[in-house]
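User: I would like to go through this structure step by step. Could we begin with how contacts are defined?

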Amino acid sequence: MKIIVAIKQVPESGAPFKIDGSGRWIEETDLNYNLNESDAYALEQALQLREQHDGEVVALSAGPDRVQSVLRDALAKGADRALHIRCDDRSGRDALGTARLLAAAIRPESPDLVLAGLQSDDVGHGQTGVLLAALLGMPHASLILQVEKTEAGLSVKRELEEGWLQMIELPMPAVLAIQSGGNKLRYATLMGIKRAKTKELRVVESGELGVDLASGLVLDHVSAIRKQKSTQFLPGTPAQAAASLVEKLQFEARVL
Amino acid sequence: MSGVWVVVEERAGKIAPLSWEALAAGRQLCALTNQPLHAILIGAETANLAGELVGQPLERVVRIEHPLLDVYSADGFVLALEQFFRSVDPRYVVFPHTYQVRDYAPALAARMGRMLMNDVVEIGPAASGANGPTFVRQLLQGRLNGHYHPAGDGPCFLSVQAGAFRAEETPTGAVVSAETFTPTLEAAQIRTRPGQPFRASAQTVDLASAERIVSIGRGIREAANIPMMQELASALGAELAASRPICDSGWLPTDRQVGSSGQSVAPKLYVAVGISGAIQHQVGMKASRCIVAVNKDPDAPIFEIADYGIVGDLFEVVPALTEAVKALKK
C-alpha cells in the first residue's frame, strides 16, 4: 500500500506571541515550531498500516525551508521518503491554495491512500483532507480514529458528536482526515534518526506545480481576542490567591 | 448572484439547535447586505422540518429531496447541493459548523472554486475597500482573531461556530410554502458506506449533572500529576474532567472529556486548570455559572470567559487551593 501523509509545521502551542508589522500574522522570529498534533496521528496511522500491509509511506509538507525539520522527524519515525513543496508560508494559511499545491504533488505519485490531520493548530481551517479528496476525485472520510484494510478497500472508525462513533466503508484510493487520539504515538529511535539521514527528501518549487492559489478569501488583519467577561485576577502568592479565591467563591459567587 | 441561503441540519427528526444559530447568522448577514433569506432542507423526506420553519422570516424554503439522501454521505450531499446552487447562484451560503458540515462543505465550496470560511464567530460591516461584510474567525486555537472578507466573484460559503450567534425568538414572517428540488443522483455516485452510529462504551460518569467540575488540560504536563488534581476535585466535591489532549493521551477516560467532541456541561462551578481554552473546549463549558481559570499564560483564551483567574504555576496554586478549600470545610 502506498500512503502519502500530508503534514504541517505549526508554531508551538501556547507560546507567547506578538502581532507582526503587517498586522496580518504574528512575529515569527522567536517562534518555535512543532508538528501539528493531528498530523502526528495521521503519520502514526500511515506507519502502522505500512507495518501491517507493506508498501511505502511518503511524508509531504508545503512551506518555507524550516518545514524540512518536520519532514526529517517523519523520516526518523519511519517514513520512507519525503517531499517538500517549497513556498512562501503565507500560502500555507489558505487551505484551498495549499490543498491545490499538495494535490498537484500527490497526483503523479498515484497513492492508494492519502492521510491528513483533521485540523491545524494555527490557522485551523480543518479542510485539507476533504479538499484533497475533492481535488483528486477520491472518496473520503473525516474525523477518523482507526483504519483497517479490508478485501474491498477500507473500514474506518469515524468520530461523531457527543461521544458517538460510526464505521464507514470506502474503496481505495481514498483520502482520510485523521482525528487525534486514535493511536499511541511513537518516538523516533536513535537508529531511526540515523537512518533518516540517508533517506530521500525531495524539494519541489511551488511555482513549478502550476497551481492557482487564489481562494476568494482575504485575511485583512488579525487582532487580540476580546474578553467576553471581565475576569477578576487574584494576585499574590499562591496561598494568598487561593485564599482570596475561596472567599470570593463562597461569598460573591456563592458556589461553595 | 443573490440571496443568503442557510443549509439547515436535522438531528433526531428535528431541526438541530445549531441550525437555528446558523439561521440567526443568516438574518444578520441579510441585514448587512440587503439580501433575502432562504433556508434549505436536505434529506429523503423533509416535510416535518419544513413545518418547523413556518412563521420564520424567510423568502423561500427549498426541500432538496432524494431517496439516496436518506442517510448522510459526503458524496450525496455535495452532488445534490452543487446541482441546486448552480441553479440559483447564491451570494452567501451559511452552514452550522457541525461534524457533518466539516465533512462535506469544504468539498462543495471547492467544486464551485471557492473556499469555505469555517468557524465564523462574528459578522460585521464591510471594511473600507472590501466588497462584502467582515467575517471574524479565530486563529491559534482561540488566541487571535482573524478578520476576513470574500474577494472575487462567486458565492461565499461560511460555517458558523456554536454559541456565536443567538437563536432568539424571531419576528414572525409571512408563511412561506416550501418548494421541492429533486437532484439527479445515482447509487454508484455515493462511494462510502456508512454504518449505524454507536457509543464507544457505557458512559460511566454523567458530567452534565455534576454541580462542580475541576477540568484539567495540557498544562498538567504528565499523568503522574493527576492525583494532585483529583485531590482538589475531592476537596471541592467536584467531578474531574479534562480537555481533549488529556483523554487522547489516555490519562483520563474519554467519558470525562469536555468540549465539542466530548460532553457539554454547565455546572455551578467550573475550575479550568492548565487549559488554554481553545474554542472547541469553550463550546462545551462556557455556559457554566462560575468559571475559574488557573494558567501560567495571562493571554490564554480561557481568561476571555473566566470570572476569576489566577495566573501562576498550577503546581503551586492547586495544592494551595486544595488546602484553602479544606480549611473552609473544617
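Analyst: Two residues are in contact if their C-beta atoms, placed from the backbone, lie within 7 Å. Please note that this is a predicted model.

User: Which residues does A:V5 touch, then?

Analyst: Leaving out residues up to four places away in sequence, A:V5 touches A:A42, A:L43, A:A46, A:V57, A:A59, A:L60 and A:L115.

User: And which residues touch the most other members of the largest nonpolar core?

Analyst: They are A:V5, A:A59 and B:V94, in a core of 123 residues. Helix α3 of chain A, residues 95–106, supplies the largest share of this core, with eight residues. A second, separate core has 51 residues, among them B:I220, B:L232, B:C247 and B:L269.

User: Why do they point in two directions?

Analyst: In a regular strand, side chains alternate between the two faces of the sheet.

User: Which strands pair with β16(B)?

Analyst: Strand β14 of chain B, residues 212–216, pairs with β16(B) in the parallel sense over five bridges. Within that pairing, B:R212 is opposite B:L269. Strand β17 of chain B, residues 290–295, also runs parallel to β16(B) and is joined to it by five bridges. There, B:V271 is opposite B:V292.

User: Changing topic to chain A: in which sense do β8(A) and β9(A) pair?

Analyst: Strand β8 (residues 154–159) and strand β9 (residues 164–170) of chain A pair in the antiparallel sense over six bridges. A:R158 stands opposite A:Q166 of β9(A). Four residues lie between the strands of this hairpin, and A:E162 has a positive phi near 55°.

User: What does β9(A) pair with in chain B?

Analyst: One partner is strand β13 of chain B, residues 198–199, antiparallel over two bridges; here A:L165 has B:F198 as its bridge partner. Strand β12 of chain B, residues 193–194, also runs antiparallel to β9(A), with two bridges, and B:R193 is the bridge partner of A:E169.

User: Finally, how far apart are the C-alpha centres of the domains of chain A?

Analyst: The domain assignment gives domain 1 as 2–209 and domain 2 as 225–256. Their C-alpha centres lie 42 Å apart.

Note on methods. Residues are numbered from 1 along each chain as its sequence is written. Chains are lettered from A and ligands numbered from 1 in the order in which they are written. This is a predicted model: local features need pLDDT of at least 70, side-chain atom pairs count only at pLDDT 80 or more; totals for chains, interfaces and linings use all residues. Domain bounds come from an automatic or database domain assignment. Two strands pair if DSSP finds at least two bridges between them. A nonpolar core is a set of buried Ala, Val, Leu, Ile, Met, Phe, Trp, Tyr and Cys residues joined through C-beta atoms within 7 Å. A residue is buried if 20 or more other C-beta atoms lie within 10 Å of its own, exposed if 12 or fewer, and partly exposed in between; C-beta atoms are placed from the backbone.
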